[in-house]
Amino acid sequence: MSKELEHSFVTQLEENQNIVHKICRLYTNDADAHNDLFQEITIQLWKAFPKFRGDSKFSTWMYRVGLNTAITLYRKSKRRPDTHDFESVSFKITADEYDDTVEVQLRLMYDAVKQLNDIDKALVFLYLEDKNYREIADTLGITEVNARVKMNRIKEKLRTILNP
Amino acid sequence: MDQLELLKQNWKKREQEYPNLSYDQIYDMLFKKSTSIVKWIFIISVLELLFWSGLYFITPKDSFEVIEKLGMKTFMIVFNVIHYIIVLIFIYYFYKNYVSIKVTENTKTLMERILSTRRTVRYFVIYNVAAFATTLIVINYFYYTKSDVLMQALDETYGIVPDDPQFLTIFLISQIVVGVILILLLLLFYRLVYGILLRKLKKNYKELERIEM
């Protein structure tokens with residue numbers, strides 16, 4: 001692999017790393033697992049990078065590889081117990097900007113999303129990233145109509161989680 | 001759903017809360033080893049292909065002599081030629097499926113490709129177990145019908161003269177017991193290794209399929 005390729009890849013990933021962090025945060029529960037998944041996504045992106053044509057945006061391409069890695073390729077290491085400490089510490093928000101009620105609601109909603117299964121999480125994630133249903137459907141390999149129907153069902157599910 | 005919309009509105013603003021890795025930290029990751037299940041499936045599958053196609057070579061020479069004396073040489077040669085043609089076909093399909101696994105496909109296609117690669121190897125093993133069982137049955141049938149030739153062959157090859165009249169029964173039963181134990185061990189191996197590796201993938205694949213129903 002040439003140096004320019006490495007440089008071009010690392011620069012673009014560094015710029016867009018938030019996308020990967022968001023996926024890691026959604027699919028893991030502690031800092032170690034987060035870093036593990038980040039690394040695996042980086043490796044998968046890098047392996048696929050030579051075939052990245054640049055006909056789509058680097059960030060768009062990252063959604064697909066990132067989610068595929070989180071949902072399909074990544075295997076959580078058994079040695080680590082699931083802890084939620086990481087989440088509660090690092091999701092603390094620059095509190096003065098928002099009032100408490102909003103804060104609590106956001107927090108509850110995020111926790112509810114984390115309780116969804118892997119596929120539902122992916123749909124919600126893309127929705128939160130402001131992707132349209134066409135893009136969501138393309139990423140997951142389902143039809144646009146079904147993506148829409150599914151999203152409505154997930155909203156219903158989230159409502160049940162929040163108001164049991 | 002108001003709360004989800006609220007989260008969506010706040011989603012972008014929160015980006016600064018995520019860790020910020022430096023150029024060098026990301027660069028170092030390029031040289032780390034992948035722990036992806038595809039890599040594990042590939043390693044295990046290659047080992048399986050090697051194991052099953054290599055079994056022939058670890059069969060003791062003596063056994064071939066006994067087989068020859070029983071007049072089963074032609075049968076064994078034909079059987080082996082067919083066997084290796086089938087092995088090659090399986091390896092071809094395994095390779096073809098494996099290279100089609102691309103992380104840049106959509107999620108559903110990616111899962112299908114992984115599952116079909118796995119399926120090829122599973123059929124390969126099923127084929128081998130069936131072939132193994134068939135050989136065991138055919139050989140033992142020969143042993144049974146030509147027990148006098150077998151005794152003679154054993155005597156000439158191993159220098160043992162079994163004078164116990166129960167010998168043949170014990171001989172046949174122990175062959176069957178060993179065969180059954182091997183098959184059980186294999187099934188156990190399958191449950192453990194693939195159960196662990198593919199559980200999550202299968203669950204998620206079913207979930208995706210359910211959306212399309």
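**Chatting through helices, an interface and cores**

Analyst: In this predicted model, α6(B) and α8(B) are roughly antiparallel to each other, because angles over 145 degrees count that way.

User: What angle do α6 and α8 of chain B pack at, and how far apart are their axes?

Analyst: The angle is about 170°, and the axes are 11 Å apart. Helix α6 covers residues 107-145 of chain B, while α8 covers residues 167-211.

User: Which residues in α6(B) meet which ones in α8(B)?

Analyst: On the α6(B) side they include B:M111, B:I114, B:L136 and B:Y144. Among those they meet in α8(B) are B:L172, B:I183, B:L198 and B:L208. The residues of this contact split into 15 nonpolar, 5 polar and 2 charged.

User: OK, new topic. How many residues of chain A are in contact with chain B?

Analyst: 47 residues of chain A are in contact with 40 of chain B. Several helices of chain A give two or more residues to that side, including α1 (3-27), α5 (100-114) and α8 (144-162).

User: And how do the residues on chain A's side divide up?

Analyst: There you get 20 nonpolar, 15 polar and 12 charged.

User: What about the largest nonpolar core, how many residues does it have?

Analyst: It has 57 residues, and A:I23, A:A122 and A:L123 have the most contacts inside it. The largest share, 9 residues, comes from α1(A).

User: What is A:I23 in contact with, leaving aside neighbours within four places in sequence?

Analyst: A:I23 is in contact with A:I41, A:G66, A:L67, A:A70 and A:F125.

Note on methods: Residues are numbered from 1 along each chain as its sequence is written. Chains are lettered from A and ligands numbered from 1 in the order in which they are written. This is a predicted model: local features need pLDDT of at least 70, side-chain atom pairs count only at pLDDT 80 or more; totals for chains, interfaces and linings use all residues. Axes are lines fitted to C-alpha atoms, for helices over the stretch in contact, and angles run from 0 to 180 degrees between N-to-C directions. Helices (H or I, at least four residues) and strands (E, at least two) are DSSP runs, numbered from the N terminus. Angles under 35 degrees count as roughly parallel, over 145 as roughly antiparallel, 65 to 115 as roughly perpendicular and the rest as oblique. Two residues are in contact if their C-beta atoms, placed from the backbone, lie within 7 Å. Ala, Val, Leu, Ile, Met, Phe, Trp, Tyr, Cys and Pro count as nonpolar, Asp, Glu, Lys and Arg as charged, and the others, Gly among them, as polar. A nonpolar core is a set of buried Ala, Val, Leu, Ile, Met, Phe, Trp, Tyr and Cys residues joined through C-beta atoms within 7 Å. A residue is buried if 20 or more other C-beta atoms lie within 10 Å of its own, exposed if 12 or fewer, and partly exposed in between; C-beta atoms are placed from the backbone.
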